[in-house]
Every structure is written in structure tokens, then in C-alpha cells.
Amino acid sequence: MVALSVAFYDAAVDMAANPQDGYQRSAISRAYYAALHAASEVTPKQFFDANAPAGSTHENLIRAVATFGRSSTPGLTEAKQIARALPMLKEMRVRADYRLNTGFELQDTNHALKSAERVLKLASEIARKNPPPPTQ
């Protein structure tokens, strides 16, 4: 797993320790990005839409993970689970970042952290099943 995904997750955990609304919102946002980057790192490139419009990076990745989950490539079971988690985390992130008139409960932050942690573990399992080819 690339260190950036883990760093985003660790930042989310640190922010979640502060009960202030801004920290809770930021924790949810960082949890989403930890999951998004972890998924990106392990989703084979052939599942991405090379013709996706600019600005649709997140949706393209979510679709790529879902397509990966329907393939016969090792890691498909994990990819299916990631494909289910990412849209939920994205919606939580949108709520946290843009719907400022809605409050957050500690349980919302905890749910985002648990979901992101699960995605990181699933991504690690995909990476284990699909090691990169040896370099020459």
C-alpha cells in the first residue's frame, strides 16, 4: 500500500480525536481520500475508461472498481466490497465538505473511519493477490 493512503487514514484518525465539527468533517474527508487512493492503487488500468470526461476522476475510479469486481481477475471479491464502500464514503465526504448546515455525530465519523480502514485492508489483499511483475 502506498504511504499516501495510509497517511490520509492516519490524519483522519488524528482529526477524529477532536470533537469539534470542523475536525469531524475533515476526518470524514480524509477517510474518503484514503479509501479512494487505496482503491486507485490496486485497480488494474484496463478497467478505467480512458475516454472519461475531465473532472470525472472519482466516478471513473468507482466505475473501474465495480468493473474489476465483475471480472475474473484475482481480487474480484475484494473489489466488489470496495465498489460498495466508495459511493457511501463519497456521499459522506460531500456532506462533510459542502453541506455545512448539516451536523455530524461521532458515529458518522466512526462509520467513515471503519469503512476506510476496511477499504485499505481489502486493497492490501488485492495487492497481495496481484503482485507487480518483477522488474528486469
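This report describes the aromatic rings of a predicted model and some residues around them.

## Basis of the description

The model is predicted, so local features need pLDDT of at least 70 and side-chain atom pairs count only at pLDDT 80 or more, while totals for chains, interfaces and linings use all residues. Residues are numbered from 1 along each chain as its sequence is written, and side-chain values use heavy atoms, with hydrogens and water left out.

## Aromatic pairs

A pair of aromatic rings is described by the distance of the centres and the angle of the planes. Rings of Phe, Tyr and Trp (its six-membered ring) pair if their centres lie within 6.5 Å; planes under 30 degrees apart count as stacked, over 60 as edge-to-face and the rest as tilted. The structure holds 2 aromatic pairs. The planes of Y32 and Y33 stand at 70 degrees, with the ring centres 5.0 Å apart, so this pair is edge-to-face. Y32 and Y33 are each buried (under 20% relative accessible area, with exposed over 50% and partly exposed in between, for a 1.4 Å probe and protein chains only).

F47 and F68 form a stacked pair, with 20 degrees between the planes and 5.3 Å from centre to centre. This pair links distant parts of the chain, 21 residues apart: F47 is in the loop between helix 2 (21–42) and helix 3 (57–69), and F68 is in helix 3. Helices (H or I, at least four residues) are DSSP runs, numbered from the N terminus. F47 and F68 are both buried.

## A charge over a ring

The charged end of R30 sits over the ring of F8, at 4.9 Å from the ring centre. This term requires NZ of Lys or CZ of Arg within 6 Å of the ring centre and within 35 degrees of the ring normal.

## Residue E91

E91 belongs to helix 4 (residues 76–98). With a relative accessible area of 38%, E91 is partly exposed. The C-alpha atoms of E91 and Y32 are separated by 9.3 Å, although the two residues are 59 residues apart along the chain.

Key. Helices (H or I, at least four residues) and strands (E, at least two) are DSSP runs, numbered from the N terminus.
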